[in-house]
Amino acid sequence: MAEVDTSSGGSHKKGPGVKKSKKLSTRVDLTPMVDLGFLLITFFVFTTTMAQNTAMNMNEPKDDKDKEMKVKNSGAMTILLGKGNQIYYYYGQLEAEKVSEQFKSTNYKDIRKLILDKKNATPIDDLMYIIKSDNESTFKNAIDILDEMTISAVPPGHYAEVDMIPVEKELIKQTELANGIK
Amino acid sequence: MPKVKIPRKSTFVDMTAMCDVAFLLLTFFILATKQKPPEVLSVKTPTSVSSTAAPEKSILITLTKDGKVFLMLGDDTKKAAIIEDFNTTRGLQLNSNELAKLKKWEFIGLPANKLKSALNLAQEIPASQQEGIPTDTTNNELSYWMRSVTNAYAGGDQRDLEKMLLVKGDGEALYPIFKNVKNAFKANDLFKFRIVTEGENVPLGSELYKTGKTEKK
């Protein structure tokens, strides 16, 4: 590969009649070996850095009934995590006569825009995302939604995980039945 | 006019040096990377945009796909203290022989009342057959374990302990189990912990992406 034949014909140094012994080169072409070496390096570099695990911080609030926070209706968005990677949400408080209007469903792809729209439309002091997980939602769902908060740069303290109330559970059940989600 | 002789030079490049470098680097990388111990509990963690690396020394709680909870005490300096504390506070009455055996376990995934009999078996119970530490609201044994952990670290900086608390869960584990784990932490006044996730790139055009960009400038 990197070698060009440069031996220049038969020169008679030892005079005529003396048989020329052919010298064989002891040099080995190392090019393929270098190739292999670097290939292995690349392989190891790529495989080792990919497996790095990261850690996400979690801060839990202290359960204290006296210090329960009041949230403004205008600034609240409740996100309910259901089964089958479904998200249900509503703004403010559920009102009995307007439930079907308020209660909407979405998925993990579209929730980002909804979170962002809410954030842009609300003064930051009033903003509050209330996250409630259904018993059949997965660990991944809970982490994903917290991650969405980070992605949309919602400041800490403006979102919280809260237990679901029976009315919401019932609504989720009804919607699941209507949409045929198993 | 005499012919000008152009000396023909060899184009052969000596590859020995390059070869040496390549293999030196290869050896370095192989030796420098830590061999990950084969994971007995296979867990597929969810992804997050967080970029902080998970600490090596940790008290790791693993949630498997089928909802079992396992505890791994990764800090060798305190492992003995934690296990002894658990033994006395829960009244397990393990003798020194059994304690020594328990300390050698890589992870704990059995209810407290089954520990003694398991320790007297000739063979360790494989991970797939361990039933996990009970975490349900009536009998949250994980919170007893966490109490032993806090006892063992008492006197030290709480923040050091918080840095070590890790929860690693399978994406498909159901939420209530995670909630039980959180309750076990809360019961012991541990409000900060970390979740092991797999790294993910910040989505283009998101708020976080924009702030990250302005910070760099």
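Modeller: pLDDT is the predictor's confidence in each residue, on a scale from 0 to 100. The model is predicted, and chain B has a mean pLDDT of 83, with 94% of its residues at 70 or more.

Biologist: What ipTM and pTM does the predictor give the complex?

Modeller: The ipTM is 0.75 and the pTM is 0.74.

Biologist: Why is β2(B) called largely enclosed?

Modeller: A residue is buried if 20 or more other C-beta atoms lie within 10 Å of its own. Five of the five residues of β2(B), residues 59-63, are buried, so the strand is largely enclosed by the rest of the structure.

Biologist: Which residues of β2(B) lie on one side and which on the other?

Modeller: I59(B), I61(B) and L63(B) are on one side, L60(B) and T62(B) on the other, and all are buried, which leaves both faces covered. In a regular strand the side chains alternate between the two faces of the sheet.

Biologist: In which sense does β2(B) pair with β3(B), and in which with β4(B)?

Modeller: With β3(B), residues 69-73, β2(B) pairs in the antiparallel sense over five bridges, and L63(B) has V69(B) as its bridge partner there. Those two strands form a hairpin with five residues between them, and G67(B) in the turn has a positive phi of about 85°. With β4(B), residues 165-169, β2(B) runs parallel and is joined by five bridges; I61(B) has V167(B) as its bridge partner in β4(B).

Biologist: How do you know that the span of α1(B) agrees with the value for its 17 residues?

Modeller: At 1.5 Å a residue, α1(B), residues 16-32, should span 24 Å, and its end C-alpha atoms are 24 Å apart, so the two agree.

Biologist: Which residues of α1(B) are buried, and which are exposed?

Modeller: C19(B), A22(B) and L26(B) are the buried ones. They cover an arc of only 65° around the axis, which puts them on the same side of α1(B). On the other side, A17(B), L24(B), T27(B), F28(B), L31(B) and A32(B) are exposed. An α-helix has 3.6 residues a turn, so residues three or four places apart point the same way.

Biologist: What span should α7(B) have, and which of its residues are buried?

Modeller: For the 12 residues of α7(B), residues 175-186, the span should be 16 Å, and the end C-alpha atoms are 16 Å apart, which agrees. Its buried residues include Y175(B), I177(B), F178(B), V181(B), A184(B) and F185(B).

Terms used:
Residues numbered from 1 in each chain as written. Chains lettered and ligands numbered in written order. Predicted model: local features only at pLDDT ≥ 70, side-chain atom pairs only at ≥ 80, totals over all residues. Helix = DSSP H or I, 4+ residues; strand = E, 2+ residues; numbered from the N terminus. Expected span 1.5 Å × (residues − 1). Buried ≥ 20, exposed ≤ 12 C-beta atoms within 10 Å, placed from the backbone. Arc of directions from axis to C-beta. Pairing = 2+ DSSP bridges.
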